[in-house]
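The following questions and answers go through the terms used for this fold and ask what each one rests on.

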Amino acid sequence: MDDTCAGPPRLILLCGLPGSGKTTLAKRLAEEIPAVRLCPDEWMADLGVDLFDEVTRDRLEERFWVHAQELLRLGGTVILEFGFWARAERDEKRRAAHELGVRVELHYLKTPFDELDRRLEGRNGQAGHGTVPITRAQLTAYAHVFEEPTEHELSLFDVPPPHRSRSRSR
């Protein structure tokens with residue numbers, strides 16, 4: 001691990017639909033930076049909770065946010081792997097972290113719908129850590145409620161340090 005990657009604390013938000021590569025990117029970043037990665041899907045799976053239980057997911061994400069703020073105040077970097085489908089969620093986290101004096105990155109993993117469907121189809125047959133089968137119909141419904149970040153919104157977030165790739169994200 002390269003200590004030059006650590007730098008000042010940051011909040012990193014991963015935004016994208018299921019199958020977009022959020023977990024893969026989060027794991028890579030957590031190792032490179034280093035950072036604490038908080039992934040509701042993995043925790044729910046470990047606890048034996050239905051990954052479609054929205055009440056539990058909301059409660060867990062709220063608790064993760066409290067914990068993330070504690071870690072940021074202590075100088076740590078945190079990756080929130082929530083998906084951040086709504087602009088209001090992204091705005092809330094960005095504003096709160098900036099109030100703490102912390103830089104905030106938004107990594108938007110924009111992936112074509114057919115590629116998402118292909119990846120999920122391949123993943124559906126495997127019992128993975130923190131994954132559940134997602135049908136094309138579910139993915140279609142998710143895509144309709146997902147609020148894609150605009151270029152203007154992306155410009156409100158901090159740019160990752162130059163030593164880290166910005167491919168497909170900001």
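Q: What share of the contacts between residues at least 6 apart in sequence join residues at least 24 apart?
A: In this predicted model, 76% of the contacts between residues at least 6 apart in sequence join residues at least 24 apart. A contact here requires heavy atoms within 4.5 Å.

Q: Why is Leu 139 called buried?
A: Buried means under 20% relative accessible area, and Leu 139 has a relative accessible area of 0%, so the residue is buried. Leu 139 lies in helix H6, which spans residues 136-145, and, leaving aside residues up to four places away in sequence, touches Pro 18, Phe 113, Leu 116, Asp 117, Leu 120 and Ile 134. The C-alpha atoms of Leu 139 and Gly 19 are separated by 9.5 Å, although these residues are 120 apart along the chain.

Q: What makes strands S1 and S3 a pair?
A: Pairing requires at least two bridges between two strands, and S1 (residues 10-15) and S3 (residues 78-83) are joined over four bridges, in the parallel sense. Within this pairing, Ile 12 has Ile 79 of S3 as its bridge partner.

Q: Why are strands S2 and S4 said to stand at the edges of the sheet?
A: The open sheet has four strands in the order S2-S3-S1-S4, with parallel pairing. Strand S2 (36-38) and strand S4 (103-108) each have a single partner strand, so one side of each is left without a neighbour in the sheet. Direction ignored, neighbouring strands of this sheet are turned by 20 degrees against each other on average.

Technical notes:
Residues numbered from 1 in each chain as written. Predicted model: local features only at pLDDT ≥ 70, side-chain atom pairs only at ≥ 80, totals over all residues. Heavy atoms only, no water. Helix = DSSP H or I, 4+ residues; strand = E, 2+ residues; numbered from the N terminus. Buried < 20%, exposed > 50% of the residue type's maximum accessible area, 1.4 Å probe, protein only. Axes fitted to C-alpha atoms, helices over the stretch in contact; angles between N-to-C directions.
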